[in-house]
Amino acid sequence: MLASLAPMIELQGLTKRYGDKTAVDHLTFTVRPGVVTGFLGPNGAGKSTTMRMLLGLDAPTSGDVRIDGRHYSQLSEPLKYIGALLDAKDVHGGRTAYNHLLCLAQSNRIPRHRVDEVLETVGLTAVARKRSKGFSLGMGQRLGIAAALLGDPEILMFDEPVNGLDPEGIHWIRNLMKGLAAQGRTVFVSSHLMSEMALTAEHLIVIGRGRLLADTSMADFIEKNSRSFVRMRSPQPERLKDVLAAAGHTVVTTSDGAFEIQDADAADLGTLAAQHQVVLHELSPQRASLEEAFMQLTAESVEYHAGGSLPPGQGGAGGPDVIAQGVPAGQAPGQQPPAQEWGAQWRNPGSGKGR
Ligand SMILES: Nc1ncnc2c1ncn2[C@@H]1O[C@H](COP(=O)(O)OP(=O)(O)OP(=O)(O)O)[C@@H](O)[C@H]1O
């Protein structure tokens with residue numbers, strides 16, 4: 001590995017326009033070493049465009065992006081600084097896996113033995129002499145990851161690496177990314193699935209319509225958004241509501257007639273109901289899902305909604321507004337601020353200063 005103090009990716013006001021369309025809109029943030037940083041956003045948010053600019057495949061309209069303090073074009077043997085998986089299908093299918101990697105190695109003055117090493121790391125040694133056009137999606141992803149690892153770079157970037165993979169493949173990639181970060185490398189991975197990132201990333205960058213929505217640690221995001229509550233159902237709903245209200249609880253009625261009570265203990269609520277001889281058909285502690293919180297965060301900036309379905313809290317199914325706690329002060333739950341205001345409470349004021 002190259003000796004480097006702090007291999008970072010730094011974006012400063014990075015912007016990309018295609019005609020009238022602003023794909024990436026003044027993005028400023030820093031991706032740091034030692035943790036997996038998740039790059040999240042709905043389809044069309046601008047993740048791939050950002051990553052392409054990072055690799056010099058697209059020129060920014062304005063702003064700046066640096067790898068280890070330099071533009072990609074200034075890196076003489078770039079694979080030794082940054083390894084990337086952008087499009088796993090972007091391989092000369094007529095070549096064997098071994099030859100594909102060998103060509104890359106030779107053009108970056110990487111020793112031949114690295115080809116065998118990375119093939120071993122990704123579990124493709126047995127098929128190394130087979131043409132990659134016969135590879136399954138999972139094998140193709142592994143070959144793309146082998147190419148990213150070839151130069152033993154300190155910075156790794158993966159665009160939607162688990163797309164289309166089976167559970168075993170997903171598990172493998174997740175552990176690989178965590179292992180690379182644990183070695184002190186900078187690992188930047190895009191996804192449109194919050195549930196996946198919650199299992200992999202320690203830091204989160206969320207974008208929507210090209211704009212930064214959140215720059216936060218995963219722990220912070222979970223703490224702010226994992227609202228816990230107790231769900232209760234009774235054949236005597238009015239009576240239960242009165243009992244709960246008299247005990248000082250705020251009750252939210254869901255579309256299926258159940259009650260949700262925040263900041264309460266399920267056992268205490270069960271005892272309360274028993275003391276007042278209210279029959280219960282359900283008493284269950286619940287946790288709002290991070291996926292729902294993410295959908296709320298990006299709701300204003302989702303470009304392509306599925307026909308007729310809106311996320312919870314936007315008039316769609318899914319019960320009451322699940323991230324009422326995450327709504328900025330002075331904002332009524334369910335009332336959405338402009339997209340650029342969202343996530344302000346998660347933005348790390350010290351980050352993204354660039355150089
Ligand atoms: N070459 C291009 N010409 C015109 N518009 C483009 C081009 N590339 C991307 N876009 C547009 O820019 C926006 C951002 O696209 P991008 O592929 O970066 O999003 P993404 O977050 O990676 O989405 P996905 O998760 O669907 O891959 C989209 O609206 C897309 O249609």
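At roughly what angle do the axes of helix α2 and helix α4 cross? The axes of α2 (residues 97–107) and α4 (residues 137–149) cross at roughly 25° and come within 10 Å. This is a predicted model, in which local features need pLDDT of at least 70 and side-chain atom pairs count only at pLDDT 80 or more, while totals for chains, interfaces and linings use all residues. Residues are numbered from 1 along each chain as its sequence is written.

**The chain as a whole**

- The protein chain has 10 helices and 13 strands, where helices (H or I, at least four residues) and strands (E, at least two) are DSSP runs numbered from the N terminus.
- Of the 355 residues in the protein chain, 40% are buried. Here, buried stands for 20 or more other C-beta atoms within 10 Å of the residue's own, exposed for 12 or fewer, and partly exposed for values in between, with C-beta atoms placed from the backbone.
- Looking at contacts between residues at least 6 apart in sequence, 72% join residues at least 24 apart; a contact needs C-beta atoms, placed from the backbone, that lie within 7 Å.
- The domain assignment gives domain 1 (9–223) and domain 2 (228–287), with bounds that come from an automatic or database assignment.
- The centres of domain 1 and domain 2, taken over C-alpha atoms, are 47 Å apart.

**Helix α2 against α4**

- Two packed helices are described by the angle between their axes and the distance between the axes. Those axes are lines fitted to C-alpha atoms, for helices over the stretch in contact, and the angles run from 0 to 180 degrees between N-to-C directions.
- α2 and α4 are therefore roughly parallel to each other. The classes are roughly parallel under 35 degrees, roughly antiparallel over 145, roughly perpendicular from 65 to 115, and oblique for the rest.
- α2 passes α4 in a right-handed crossing; right-handed means that the near helix is turned clockwise from the far one by less than a right angle, and left-handed means anticlockwise.
- On the α2 side, Ala97, His100, Leu101 and Leu104 make the contact, and on the α4 side Leu143, Ala146 and Ala147 do.
- By class, this contact of α2 with α4 has 6 nonpolar, 1 polar and no charged residues. Ala, Val, Leu, Ile, Met, Phe, Trp, Tyr, Cys and Pro count as nonpolar, Asp, Glu, Lys and Arg as charged, and the others, Gly among them, as polar.

**Helix α2 against α3**

- The axes of α2 and α3 (residues 113–121) come within 9 Å and cross at roughly 130°, which makes α2 oblique to α3.
- The crossing of α2 and α3 is right-handed.
- Ala97, Tyr98, Leu101, Leu102 and Ala105 of α2 meet Arg114, Val115, Val118 and Leu119 of α3.
- The residues of this α2 and α3 contact divide into 8 nonpolar, no polar and 1 charged.

**A look at Tyr98**

- Tyr98 sits in helix α2 and counts as partly exposed because it has 18 C-beta neighbours inside 10 Å.
- Beyond its neighbours within four places in sequence, Tyr98 is in contact with Val115, Leu119, Ala128 and Arg129.
- Tyr98 and Arg129 are 31 residues apart in sequence, yet 6.0 Å apart in space, C-alpha to C-alpha.

**Two positive phi values**

- Most residues other than glycine have a negative phi.
- His26, in strand β2 (residues 21–31), is not a glycine but has a positive phi of about 50°. With 16 C-beta neighbours inside 10 Å, His26 counts as partly exposed.
- Asp68 has a positive phi near 55° and lies in the loop between β4 (62–67) and β5 (82–85). With 21 C-beta neighbours inside 10 Å, Asp68 counts as buried.

Terms used: Contact = placed C-beta atoms within 7 Å.
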